[in-house]
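Look at the chain below.

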Amino acid sequence: MQNHKRLIGMILILLAALLAAGCGQKSANLQEDAVAPDKTLYENGVKFLKKNQYIKARLSFQTLINTYPDSEYTPSAYLAIANSYYDEGTTEALLQAESHYKDFIIYFPTHEMADDAQLKVAAVNYKLMNTPDRDPTYTRKANQELEKFMRDYPDSEMAPTAREALIQVKENQAKGIQGVANFYWKRESLPAAESRYKEVIEKFPEFSELDLSLYRLADTLMQMDRAEEASVYLSQIAREFPFSDFHNNAVEKLELLEKPVPEIDQSAAERRRANLIAQQDDGSLLNPLDLIKKIFTGRADLYEVARKQAEERRMLQQETAANGESASTNGNNKQEGNR
């Protein structure tokens with residue numbers, strides 16, 4: 001009887017061991033098959049973002065950041081939160097996006113997407129820019145952020161587009177200041193007009209309408225009995241703007257002041273005229289500034305245009321390289337045939 005009980009006990013122990021071994025194997029398999037929780041949070045956030053469920057997406061990404069700060073997905077989560085605000089598109093959301101992009105750059109300055117983040121900071125302010133006759137706050141900020149992009153990421157594949165955008169921003173700024181100067185000039189508030197025209201000339205030397213500021217500054221100074229100083233600006237018009245409506249008048253005033261009329265600087269004149277033509281272009285698809293102008297009128301997005309143009313340049317380079325390799329191969333084949 002005692003032996004019988006002992007046998008049953010041994011059988012039960014053996015069954016328990018086998019069951020435990022089976023459960024352990026299943027547990028190991030489940031752990032191998034389970035998706036890491038940080039990855040799950042990131043993937044859930046991406047799914048919500050694709051559905052434009054911004055609040056849910058941000059909650060997933062923020063939970064990931066707070067819970068797994070050292071996760072490989074954490075940088076992408078920071079960027080995704082910023083993108084969610086950018087995509088939402090309201091003024092308040094865009095300002096939130098700007099703040100989050102700047103945080104991303106601070107926390108991950110060497111990340112491969114840092115240039116994207118900086119360009120989107122600029123793009124936020126570009127979206128919020130006003131026309132030249134209105135509040136210039138976002139125009140100034142767009143200028144600052146684009147200059148920062150060009151300074152910090154000069155080799156970025158998006159730099160050519162950013163450079164063209166910066167030209168347009170500076171045009172916008174210069175027109176705004178010149179507009180204020182014109183207001184004072186017409187009302188004969190001469191000191192106020194002088195300071196604004198000088199600001200245009202000093203800060204925006206490549207402005208397409210610089211000749212107007214130069215001429216009206218000279219006129220302002222002459223009204224203030226400062227003819228000697230005025231002649232400096234008249235001379236610049238005579239030298240660099242032979243195509244300008246103010247050129248002949250500038251030459252005549254120099255002669256009246258008994259000042260030498262400088263020879264035309266052909267190189268400078270060609271550059272000035274090219275600036276003017278670029279700004280007056282009616283929107284040809286071949287004009288490199290056309291897409292940038294569409295951005296300013298609300299018909300395109302600076303960042304998306306930059307990505308598109310970068311992709312087009314990359315494809316063109318690949319095509320050129322492929323054609324070069326093909327030509328080289330054909331040349332070698334001909335040489336082999338001649339032998």
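This is a predicted model, and its pLDDT (the predictor's confidence in each residue, from 0 to 100) averages 86. At least 70 is reached by 80% of the residues.

| Stretch | pLDDT | Contacts in the model |
|---|---|---|
| residues 282-287 | under 50 | seven beyond four places in sequence |

A contact means heavy atoms within 4.5 Å. Where pLDDT is low, the predicted coordinates should not be read in detail.

Residues are numbered from 1 along each chain as its sequence is written. Local features need pLDDT of at least 70, side-chain atom pairs count only at pLDDT 80 or more, totals for chains, interfaces and linings use all residues, and side-chain values use heavy atoms, without hydrogens and water.

Now the interior. A nonpolar core is a set of buried Ala, Val, Leu, Ile, Met, Phe, Trp, Tyr and Cys residues joined through side-chain atoms within 4.5 Å. Buried means under 20% relative accessible area (1.4 Å probe, protein chains only). The largest core has 47 residues. Tyr86, Tyr101, Leu119, Leu146 and Phe149 have the most contacts inside it. Helices here are DSSP runs (H or I) of at least four residues, numbered from the N terminus. Those that each supply at least two residues of this core include H2 (37-50), H6 (114-127) and H15 (302-338). H6 gives the largest share, eight residues.

Which residues does Leu146 touch, not counting residues up to four places away in sequence? Among them are Leu119, Tyr126, Val169 and Leu302. A second, separate core has 26 residues, including Val200 and Phe241.

Technical notes. Buried < 20%, exposed > 50% of the residue type's maximum accessible area, 1.4 Å probe, protein only.
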